[in-house]
Amino acid sequence: MAERLVVIGGDAGGMTAATNARRMRNDLEIVAFERSTRVSYSACGIPYLVSGEVAEVDALVARTPREFREANRIDVRIEHEVVGIDLDRGQVEVHDQPHGRTFRIGFDHLLIGTGARPVRPDLPGIDDELVIGVQTLDDGVRLLAQAERSRCQRVVVVGGGYIGLEMAEAFVMWGAEVTLVDGGPHLMRTLDPDMAALVTKALERHSIEVRTGVTVTGFEPGAVHTADGRIPADLVVLGLGVTPNTELAEAAGIALGARGSIKVDRRQATSHERVWAAGDCAESFHLVSQRPVHVALGTVANRQGRVAGINIGGGYATFPGVVGTAITKVCSTEVARTGLTELEAARDGFRAIGTVIESTTRAGYVPDTAPITVKLVTEVGTGRLLGGQIVGGAGAAKRIDTLAMAVTAGITADELINVDLSYAPPFSPVWDPLATAARVAAAQVAATPAP
Ligand SMILES: Cc1cc2nc3c(=O)[nH]c(=O)nc-3n(C[C@H](O)[C@H](O)[C@H](O)COP(=O)(O)OP(=O)(O)OC[C@H]3O[C@@H](n4cnc5c(N)ncnc54)[C@H](O)[C@@H]3O)c2cc1C
């Protein structure tokens, strides 16, 4: 009898693993269970569905269950929720939602790709249908339907991380008045405060009201309650981060790691033989801080899924880790980060210098050139680049990939100056802003006594 791979969760982590396992092994039987109504979708596209830039929900679906069946011989069953994992018997228990029945199915390999869910604080009114967190494409469709039903004019976004920012932008484009509320001292805590301040200014320029240091105390239809008063809201979107969906794994006795995510090794193997995990439910390893971390990003989910799939299929692949690279945009302002911020570097015991420079995205005389601010975080003594952050206009943020490469390779600011970066006036000044930042950082490092 053919060996069977069972996949729990039908998005980036789960389906990337499934297709890679198929590529490696033709003889494997693969069954994937997904509790929502869609698989292989782009949650990242939800803000653009809400804003109207993406007209059709189907445009966000890369492959349907039927396509998986026909092209990959993967038996994808939507509206099927896995409700238990029995490691002793090598079985999962599955609830078939449309038929209201539960059954068991055996596995030789199990891939857990259950993702994560938006944090929902335990506050009065949190269960109101107008308080919505998005993770799956079904959530996005529900949010859009609710926005249309309530003809929302006033939207409050709670939480100023990248999903909060993108949802704020989406509702500005929708035509609503948007207030972004965050309990912390500044938005975007994945950036240093000086860089986050630039993002706040950009949001305000785009008519988004930003309220930081505000504690939300509850919700009622038509309003968000805060410690300072009441903010009118036809709709509330939660952007308070995510919690990995690991209850099934934990109940089965599989070891958990950073922030409750599933502990995995470099091959995406869990603590239990033949059980693998990938995506937002799984742990990663930070290559700069050298610590286990939980990073909920599609980039990571796809890479981890690929590695898990190759290993399940009998090959050998590893996922060494992440440097925390992320990119977003709000209206015409682009934001990106990689590696450690200055604050994170200090927390992790590095002696580091933060260097901030201002430049332009293209040659100064090119009509659509835009401002760009680059911050580099460099280790005192060695000059090694530990991280970088970018805020700027069109064309600014994708430069983060060069920095991600530099941080991953462990090169110094001095070495970055001489990297043979490209130049023509429509793309950058002759000294690319990264090279300019590297020059200033290298000089600062040279002038700072080693610890
Ligand atoms: C609004 C938004 C914007 C984003 N933008 C970006 C971006 O620009 N760049 C980026 O890199 N990342 C972005 N992300 C993050 C990215 O979407 C996720 O990291 C990625 O989807 C993770 O894939 P996953 O397969 O691990 O988890 P998920 O996409 O969450 O998929 C897990 C699936 O498992 C299913 N499931 C869970 N439990 C069970 C069960 N017991 N039985 C059956 N099925 C189950 C869920 O229904 C879900 O479909 C964004 C996310 C959101 C919400």
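A: The account below begins with the ligand and then turns to the helices.

The model is predicted: local features need pLDDT of at least 70, side-chain atom pairs count only at pLDDT 80 or more, and totals for chains, interfaces and linings use all residues. Residues are numbered from 1 along each chain as its sequence is written, and side-chain values use heavy atoms, with hydrogens and water left out.

The shell around the ligand holds 33 residues, and Asp-11, Gly-13, Glu-34, Tyr-41 and Asp-280 come nearest; a residue is counted when one of its heavy atoms lies within 4 Å of the ligand. By class, the shell has 16 nonpolar, 11 polar and six charged residues, where Ala, Val, Leu, Ile, Met, Phe, Trp, Tyr, Cys and Pro count as nonpolar, Asp, Glu, Lys and Arg as charged, and the others, Gly among them, as polar. At least two shell residues come from each of α1 (12–24), β2 (29–34), β4 (80–86), α5 (162–174) and α8 (298–312). These elements are DSSP runs numbered from the N terminus, helices being H or I with at least four residues and strands E with at least two.

A backbone N or O atom of Gly-298 lies 2.9 Å from a ligand oxygen. For Leu-297, a polar backbone atom is 3.3 Å from an oxygen atom of the ligand, and for Gly-113 the corresponding separation is 3.5 Å. Polar contacts of this kind are pairs of N or O atoms within 3.5 Å. Taken alone, the ligand exposes 1000 Å², of which the protein buries 94%; accessible areas come from the Shrake-Rupley method with a 1.4 Å probe.

The crossing of α1 with α8 is right-handed, meaning that the near helix is turned clockwise from the far one by less than a right angle. On the α1 side, Ala-12, Gly-13, Thr-16, Ala-17, Asn-20, Ala-21 and Met-24 take part, and their partners in α8 include Ala-301, Asn-302, Gly-305 and Arg-306; contact means heavy atoms within 4.5 Å. This contact has eight nonpolar, six polar and one charged residues.

Technical notes
A polar contact is a pair of N or O atoms within 3.5 Å; within protein, one must be able to donate a hydrogen and the other to accept it, and residues adjacent in sequence count only if both atoms are side-chain atoms.
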